[in-house]
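Colleague: I'm new to this one, and I'd like to know what the words used for it rest on. Could you walk me through them?

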Amino acid sequence: MIGSEPAFGAVEARNRFYHERLQFVLEKEHSYIQQLFPIWDNKSTLNPKAPLLTKKMVESIQGDPALLQKVTANIDMMMDFWGLRRVGDTFEVVQVLGSRHRKWTQADHNLRRVTRVITFLASVGFKTAARNLESTMNGYRGKGRANTYWSDALWQNMYHTDKDLFLGNYEGRGQ
């Protein structure tokens, strides 16, 4: 090191390590998803004490820019985990992250995680984002492989609030 500057590549190596560790934890740990994206009912056998989404919680999220920014950051973290990228309220599949796509193209516990995120987004008022996420993921899966749970979660939860919030309005604030 020269002075207080880290050695060339040290920051990149540390960031890569943290990112890989986060990917591992997100795959192996199961209780965080209920904390980040609470829904109206708890069907989790792994975390029966998970918080439930309430009308008061929805109103708090909708009225607090700091909470909205945290929701946006949580969404972005999950999109990276699944090999997607969020641009405003749209989502795109990142082809170079193809190994992450199997987390939501194959039948396993990640399909329930996707259902939970879509339910949460629609329930708190990110309706456009919820529609776009469901459309992007099912579109990528292709005809005959679409996940009807995702579509059902979307349409069953679109009417919990009159608001239609936009994720793009809350990215990068407070950082």
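Colleague: Which hand does the crossing of α6 and α8 have?

Modeller: In this predicted model, α6 and α8 cross in a right-handed way.

Colleague: And why is α6 called roughly parallel to α8?

Modeller: Their axes cross at roughly 15° and come within 8 Å. Angles under 35 degrees count as roughly parallel, so α6 is roughly parallel to α8. Helix α8 covers residues 148-156.

Colleague: Which residues of α6 and α8 meet?

Modeller: From α6 there are Leu-111, Val-114, Thr-115, Ile-118, Thr-119 and Ala-122, and they meet Tyr-149, Trp-150, Ala-153 and Leu-154 of α8. By class, this contact has eight nonpolar, two polar and no charged residues.

Colleague: What makes α6 roughly antiparallel to α7?

Modeller: Helix α6, residues 110-124, and helix α7, residues 127-141, have axes that cross at roughly 155°. The cut-off for roughly antiparallel is over 145 degrees, and therefore α6 counts as roughly antiparallel to α7. Their axes come within 7 Å, and the crossing is left-handed.

Colleague: Which residues make the contact of α6 and α7?

Modeller: On the α6 side they are Leu-111, Val-114, Val-117, Ile-118, Leu-121 and Ala-122. Helix α7 brings Lys-127, Ala-129, Ala-130, Leu-133, Glu-134, Met-137 and Arg-141. The classes are ten nonpolar, no polar and three charged.

Colleague: What makes up the contact between α4 and α6?

Modeller: Val-71, Ile-75, Phe-81 and Trp-82 come from α4, while α6 provides Asn-110, Arg-113, Val-114, Val-117, Phe-120 and Leu-121. Sorted by class, there are eight nonpolar residues, one polar and one charged.

Colleague: Let's turn to the second largest pocket. What is its volume, and which residues line it?

Modeller: The volume of the second largest pocket is about 160 Å³. Its lining is made of Gln-35, Leu-36, Pro-38, Pro-51, Met-57, Ser-60, Ile-61, Leu-67, Lys-70, Val-71, Asn-74 and Phe-120. Eight of these lining residues are nonpolar, three are polar and one is charged.

Colleague: Which elements give two or more residues to that lining, and which gives the most?

Modeller: Two or more come from each of α2 (32-36), α3 (55-63) and α4 (65-82). With four residues, α4 gives the most.

Definitions and conventions:
Residues are numbered from 1 along each chain as its sequence is written. This is a predicted model: local features need pLDDT of at least 70, side-chain atom pairs count only at pLDDT 80 or more; totals for chains, interfaces and linings use all residues. Side-chain values use heavy atoms; hydrogens and water are left out. Axes are lines fitted to C-alpha atoms, for helices over the stretch in contact, and angles run from 0 to 180 degrees between N-to-C directions. Angles under 35 degrees count as roughly parallel, over 145 as roughly antiparallel, 65 to 115 as roughly perpendicular and the rest as oblique. A crossing is left-handed if the near helix is turned anticlockwise from the far one by less than a right angle, and right-handed if clockwise. Contact means heavy atoms within 4.5 Å. Ala, Val, Leu, Ile, Met, Phe, Trp, Tyr, Cys and Pro count as nonpolar, Asp, Glu, Lys and Arg as charged, and the others, Gly among them, as polar. On a 1 Å grid over the protein atoms alone, a cavity is a set of points where a 1.4 Å probe fits but cannot get out, and a pocket is an open set with protein on both sides within 12 Å along at least five of seven lines; lining residues have an atom within 4 Å of a point. Grid points are joined across faces, edges and corners, and a volume is the space filled by probe spheres set on the points.
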